[in-house]
Amino acid sequence: MGRAIGIDLGTTNSCAALIEGGKPKVITYRNGQKTIPSVFAIDKSGNRLVGEEAQAQASANPDATVAASKRLIGRNYGSKQMESMKQVFTYELVEGESSEVLIKVKDQVFTLEQISAAILARIRDNAEDAIGETVDRAVITVPAYFNDKQRQAVRSAGKLAGIKVLRVLNEPTAAALAYGLGRTLDQTVAIYDLGGGTFDISIIRIKDKIFEVIATGGDTFLGGVDFDDRLMQHVLSTFLDNTGIDLSYDRSAVTRVRQSSEKAKINLSSTTEEEIFIEHICDDDNGNPLDLKLRVTREDLEKLTADLVERSIRTCERILKEANSNRDQLDEILLVGGQSRMPLVRRKVEAFLGRPPSQKVHPDEAVGIGAAIMAHSLVSRGADAEVTLLDVLPMAIGISRNDGTMHTLFPKNQPLPHFETRTLTTSKNEQRSIMLKIYQGESKHVAENELLGTFVFQGLRPAPKGDVKVEVTFDIDSEGILNLSARDTDTGELVESRIKLGKDDDGGSKRRVKKKKKDEPEAPKPPPMPLNMPTSSLRGGPTEDEADDNADRDETAQSAPARDESTAEEHRKAEEAAPIAPIKPKPSAQPSSDDAPGSTAPQSAQPPAPEKLGFFTRLFRWIFGGKR
Ligand code: AMP
């Protein structure tokens, strides 16, 4: 059996660690780096590239380079965030048959799980090279604010990469493990985790080897890339003012400006002034080469990003309140994530708490180390290595009522694991199936939350309405992943379910591109695109077909898409053989799911007219959050 490692699968960079001789060690690669860029690309010759190689060619090949894909993982194509993002990605985003997001790179279609699997496989291969041993198991970290679907997607990605995922672990909890290692503590700590793509805050009680999360929250659209975006916007608009040239329509130039902006941003954490210089960014009107040269100060950067930092502090206030705690009750606040190195972040956190944050963990390495500690704890028998984690649910999970509001089954911050049971009753004579739609999110209205899945209980015995009662058990495990099972309360028999929200879904049934409706317009091609993108959700409000918490209609259930098991199995086998083989869009042999409950409404076909900033400026802003 091979080694078990911890993997911090980041939005911008990923890092791995392991425990050696009882001590944590971050894996260093041949080039001396401790991180691998979370970037996937297909180069001009059709080769697949991951990590450094993919990043190095990004400016020359921007439309076939997939960066920050973690922001898309586990999202519904029709969700609010996707509504904005899908219109502005350089590479094409396609809707899969189960409303999931697929990425099209050079005419090949990939699931988000496949892209993450490619990155995980590279991390594993590099780790094996570095330690000279086989690596076959891992604990993989995720933002605490990831929902069930996103967590399952990360698990699936691990499986596709051939890695046994021992556990999906919340990033702030991992950082707390790194902090607690080798110490005997009795403390309440706040973990402020501002990474490349996401922000998390968790309040954690540490008592010896027991780590109990009291409250958690965050923002999956706030991270270092948003800071880069602000500086990039500033550079592009200054260049436009000075030269009259709008670079935002030039993919390659935008990629170079973005890379230089990030570099300047990082340097401005240790210097107060920085020059951004890009040679031959474009040609002037006479065809002569033009360079881009601009001095930026730390003060400039702080002005451009002050509201982002404020946003994180407001989330901290909210989560402290949810934890029924106040800042005086915190023993320490730990800053993790690369973006937390920014002096403005440190100052604001210090002002919020009234004391400086702890320096006791490494902001870039704590999460990977914590994952390694957890992996070691799970595979070792020695009591020394054992740690106990008590986590909470980051967002409420519930089902839809007829009026479109959410009936909460599990509230936010519900300690895990936990289960609930509900009894559903048939509402029609001879009803043979019952459907439930399950949502996760913080809104009272299901339409604003993420649809986790549609669950159909079928094969009910024929009986007058109200006679058949099905007891459904909603079980959330310690990783925040939901499983459902159902039983006929009279016969005691398990009820068959058609779509399972289970663990280790290999995505087999989800790998086909959704068939376009006959009259559906072509997906909008990228440039040029309007600045003011429509932001409303494509998914309409709940219809009469939506199930409520105690009854459902058989005809709605029957209209749900039947799963094509044989095709799913074929795909599964194909995946086992070639973990990141692209998906071949293929027509479905089953009825289209277009009309099934939860499917998206047609998109508005006509984008508004273009405005001052170009497509790529907006692209970056919308991909990476920015002004939404
Ligand atoms: P992580 O996901 O923790 O690897 O964080 C990556 C993010 O941290 C990227 O957006 C980096 O640009 C940013 N970052 C790394 N180092 C620094 C630094 N010294 N100052 C500001 N941001 C940084």
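This is a predicted model: local features need pLDDT of at least 70, side-chain atom pairs count only at pLDDT 80 or more; totals for chains, interfaces and linings use all residues.

User: What makes the phi of Asn413 worth a remark?

Analyst: Phi of Asn413 is near 65 degrees, a positive value in a residue other than glycine. Most residues other than glycine have a negative phi.

User: What is the phi of Ala68, and how do you know whether Ala68 is buried or exposed?

Analyst: Ala68, in the loop between β7 (65–67) and α2 (80–85), has a positive phi of about 55 degrees and is not a glycine. With a relative accessible area of 3% against the cut-off of under 20%, Ala68 is therefore buried.

User: What makes the bond between Leu416 and Pro417 cis or trans?

Analyst: Omega is about 0 degrees there, and the peptide bond joining Leu416 and Pro417 is cis. Most peptide bonds are trans. Pro417 is in the loop between β21 (406–410) and β22 (418–426).

User: Which residues have the most contacts inside the largest nonpolar core?

Analyst: They are Ile5, Ile7, Ile103, Leu120 and Ile123, in a core of 46 residues. The largest share of this core, 10 residues, comes from α3.

User: And which residues does Leu120 touch?

Analyst: Leaving out residues up to four places away in sequence, Leu120 touches Ile7, Leu9, Ile140, Ala157, Gly158, Ala161 and Ile163. There is also a second, separate core of 45 residues, including Val257 and Leu335.

Definitions and conventions: Residues are numbered from 1 along each chain as its sequence is written. Side-chain values use heavy atoms; hydrogens and water are left out. Helices (H or I, at least four residues) and strands (E, at least two) are DSSP runs, numbered from the N terminus. Buried means under 20% relative accessible area, exposed over 50%, partly exposed in between (1.4 Å probe, protein chains only). A nonpolar core is a set of buried Ala, Val, Leu, Ile, Met, Phe, Trp, Tyr and Cys residues joined through side-chain atoms within 4.5 Å. Contact means heavy atoms within 4.5 Å.
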